[in-house]
Amino acid sequence: MPRQIVVDPDQALAPTRLTMPAIAVHAYDRPFAEERAARGDAPLMEALRHMLVIRAFEEMLSSFKATGRHGEIAYTYKGPAHLSIGQEGAAVGAALALAPNDFIFGSHRSHGEFLAKGLAAIANGDEADLDAIMAGHDGGRLRDTVARALGGEGRALAENFLLFGFLAEIFMRSNGFNGGMGGSMHAFFPPFGAYPNNAIVGASAGIATGAALRRRLAGEDGICVAHAGDGATGCGPVFEAMNFASMAQFDTLWQPPYDGGLPVLFFFTNNFYAMGGQTAGETMGWDRLSRIGAGVNASAMHAETVDGTNPLAVADAVARKRALLREGKGPALLDVECYRSCGHSTTDANAYRSREEIALWEPHDPIARFSGMLVDAGVTSEAGIEAMRGEVAERIAAVVRAVVDPKIAPPVDVAANPVLIGQMMFSHGQIDVPSGPSTLAGPVEDSAALRKLGRKARNGRGEDGASVSPMRAITLRDGLTEAIVHHMAHDGRLVAWGEECREWGGAFGVYRGLADVLPHHRLFNAPISEAAIVATAIGHAMAGGRSLVELMYADFIGRAGDEIFNQLAKWQAMSAGMLQLPVVLRTSVGSKYGAQHSQDLTALIAHIPGLKVVYPATPFDAKGLMASALSSNDPVVVFESQRLYDKVETLAGDGVPADYYRVPIGLPDIKRHGRDVTVLTIGPSLYPALDAAEELAALGIEAEIVDARTLVPFDHAPVLASVARTGHLLVVSEACERGSFAQTLAATVTRHGFADLKAAPVVLGAPNWIVPGADMETTYFPQAHDIVEAVTGAFHPERKVNRRGVRSWDALDLARRGI
């Protein structure tokens, strides 16, 4: 089905002139008397108190880092402390305009953002809801601990709960909000709308955008706020996220009620420095950060520069942007200018700025300035503010005394459970088999491509035993499609996107026909923005959706490196299991295209803890493993070989079942039984191994062929049992040998199956060179004759075969490893 937007040359080539909306800079001018009348004295005093709490909290952390003490309390804090002293007006002002059900995603300098959102949620939330939140977290144990140690009722207890849970997390205590697994830069508490803070600069941009996508699709009312510093505007993923959030298709192609720009606010706390590098005037091209909005869409993202030293100016701007976002006019951008009066971290000597500059900003300290407004207007007095400051100090001290007491806040005890962290890597949970009414826009029969699958033979071998054409039998590509169609049809939370996923059917046809039966909000084309594709998948899942995304080639993994390695892989464990990330990331291992499009990077992904990794080689396994991946509540990376997409099922006796089924993730499978050597294959190397087994059989050597199917997790028991029978192991992979997962498998079998081995295992992979083009691929990837030579040369020298006729296997092996 062709796209509905026509590219009209008369319109595209017509002369015109682009104009940009004016971007307001420090336009807030509402008299304080009007603010007082609109808000009331008590909320204004609460805003000041919240700033004082944040300041006192961070000064406490700074004191511990600098001296090991806070007043009379001694404690050695070993973790980081990226402080936001001087930026409290920005954090509190933003929270002042947000509802309890709005989500924030924090920056690495996030203490103020977290506390401001939590305090505002407590101030504005219903007390019964607050009680339910505290009772629901960890079975009410943290609430009970706080009540015993600190006391309080209602909102007072909730504030103690917030401060204790946050500080316990920073000090990595077991009853911190995230079980001590997050720490200072990763703490969060979703029930108060505070979603993960992020140690990676700008990383919250894409995640917040994905969460906003989920909120739009789920019909939720709240918005998402992506917090970042001014230095983040130098990060490509931030621009990718802003563009993703601004995609025109939300207005041109998506149908009500899912249409309209995403409800995400990019909130840049601009303190004029990244770390020590000055942004405006040195490391950036912009003079005002808000200017970058004009480069994203015609509305310039409703960008505005705001005075971040005045919480009321910030609250006014956030309230106006929030209204636009709720109307479907997102995204929006705020450049919130303020000044970080402390160092980047506690080791910062401020060598990059002068004392004179710091002194220039002292009158603009948000607490001093806002206090002056309140006193001048007669809302309070200097004495009243000092009394409030004292009350805040007492509360912070009480929280600190409780948190440093190991009887009240026990440290994480890894010694008592050495695999504690390992147990948090995966939930191993899965959803039930999707069933019930279809969520497709129309019946499968509406798609000619999907109807064709129903007419194909389920077995790749004909009655005469010959292989059936992929035009007539279910292929590996078709197996993937069938599993995806079933989940898309019966699980409305599942949304798929990536490059060329819709009309094109996916770059390699796995989604072919789905555009006929799925509306745009379930299957859509993403920009060529690998970082944003993965980051939005994470946010979408984090907020309650299920994500299926595609990177066209595995070679493009590097374009989404942080999102895969630091975000997708880590948030479940860093949340101590509070979060689940049901994300399936599909990517193809290329063929014919050479060095930049044909690399097997399975070892790179398998090396990163927190990712499940599968690599099916047969249509039966492809369908079953994809069904398991889509059912999993853990992130799963699915590698797909382009050379196998058209493979038909020749190994499973009954072919590929038409009904839904799952293949367990982690279990290798014996494809051919033998007694003399175990050949463990990864991905497409299964097929040359099977061919080699026939040649070896002619020599009297019976090879047992085991298909790994999955890299992480990997059940070694079937392989060890095979090696116990054969005494020999050859691991074959198309990845280059150096650092490959095949080496890991060989090392593990050597360690645990040493007594059964008659010789050292051999790893056969591609040479440690670039992947050559199509005409030379057979000289690069292991072929059947390579496997025969490896087996006879290493394990059965009396039957040694050297088909190359140029050098012995040992010499060839050395040549492979020499570069």
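The largest nonpolar core has 96 residues, and Phe266, Trp497 and Ile564 touch the most other members. This is a predicted model. Its chain is divided into domain 1 (24-410), domain 2 (444-644) and domain 3 (669-816).

**Nonpolar cores**

- Phenylalanine 266 is one of the three residues that touch the most other members of the 96-residue core.
- Its contacts, leaving aside neighbours within four places in sequence, include Ala205, Thr209, Ala226, Ala241 and Met242.
- Phenylalanine 266 also contacts Ala245, Met301, Pro331, Ala332, Leu333 and Leu334.
- In soluble globular proteins, nonpolar side chains tend to be buried together.

**Domains**

- Domain 1 covers residues 24-410, and domain 3 covers residues 669-816.
- The C-alpha centres of domain 1 and domain 3 are 55 Å apart.
- Glycine 390 and threonine 678 are 288 residues apart in sequence. In space, their C-alpha atoms are 73 Å apart.

**Helix 9**

- Helix 9 spans residues 204-218, which makes 15 residues.
- From its first C-alpha to its last, helix 9 reaches 21 Å. That is close to the 21 Å expected at 1.5 Å a residue.
- How many of the residues of helix 9 are buried? The count is 14 of its 15, and the helix is mostly covered.
- Glycine 219 follows helix 9, and its phi is positive, near 75 degrees.

**Helix 19**

- Helix 19 holds 13 residues, 530-542.
- At 1.5 Å a residue, helix 19 should span 18 Å. Its end C-alpha atoms are 18 Å apart, which agrees.
- Why is helix 19 described as largely enclosed by the rest of the structure? Because 13 of its 13 residues are buried.
- After helix 19 comes glycine 544, with a positive phi near 115 degrees.

- Strand 10 (residues 494-498) pairs with strand 12 (residues 546-551) in the parallel sense, over five bridges.
- Valine 495 stands opposite serine 547 of strand 12.

- Five strands form an open sheet in the order 16-18-17-20-21, with mixed pairing.
- Strand 16 (669-672) and strand 21 (762-766) stand at the edges. Each has a single partner strand, so one side of each is left without a neighbour in the sheet.
- From one strand to the next, the twist averages 25 degrees.
- Strand 17 (residues 677-681) and strand 18 (residues 703-707) pair in the parallel sense over five bridges.
- Which residue of strand 18 stands opposite valine 679? It is isoleucine 705.
- Threonine 678 has glutamate 704 as its bridge partner in strand 18.
- Strand 17 is largely enclosed by the rest of the structure, because five of its five residues are buried.
- Val677, Val679 and Thr681 point one way from strand 17. Thr678 and Leu680 point the other way, and all are buried.

**Helices across the five-stranded sheet**

- Helix 24 (residues 686-698) lies across strand 16, strand 17 and strand 18. Helix 24 runs at about 170 degrees to strand 18.
- Helix 25 (residues 717-726) lies across strand 16, strand 17, strand 18 and strand 20 (729-736). Helix 25 runs at about 150 degrees to strand 17.

**Two single residues**

- Is histidine 796 buried or exposed? Histidine 796 is buried, with a relative accessible area of 11%. The cut-off for buried is under 20%.
- Histidine 796 lies in the loop between helix 28 (784-794) and helix 29 (809-817).
- Leaving aside neighbours within four places in sequence, histidine 796 contacts Asp676, Ile701, His728 and Val791.
- Glycine 390 lies in helix 16 (residues 382-403).
- Glycine 390 is partly exposed, with a relative accessible area of 28%.

How values were computed
Residues numbered from 1 in each chain as written. Predicted model: local features only at pLDDT ≥ 70, side-chain atom pairs only at ≥ 80, totals over all residues. Heavy atoms only, no water. Helix = DSSP H or I, 4+ residues; strand = E, 2+ residues; numbered from the N terminus. Expected span 1.5 Å × (residues − 1). Buried < 20%, exposed > 50% of the residue type's maximum accessible area, 1.4 Å probe, protein only. Core = buried A, V, L, I, M, F, W, Y, C linked by side-chain atoms within 4.5 Å. Contact = heavy atoms within 4.5 Å. Pairing = 2+ DSSP bridges. Axes fitted to C-alpha atoms, helices over the stretch in contact; angles between N-to-C directions. Domains from an automatic or database assignment.
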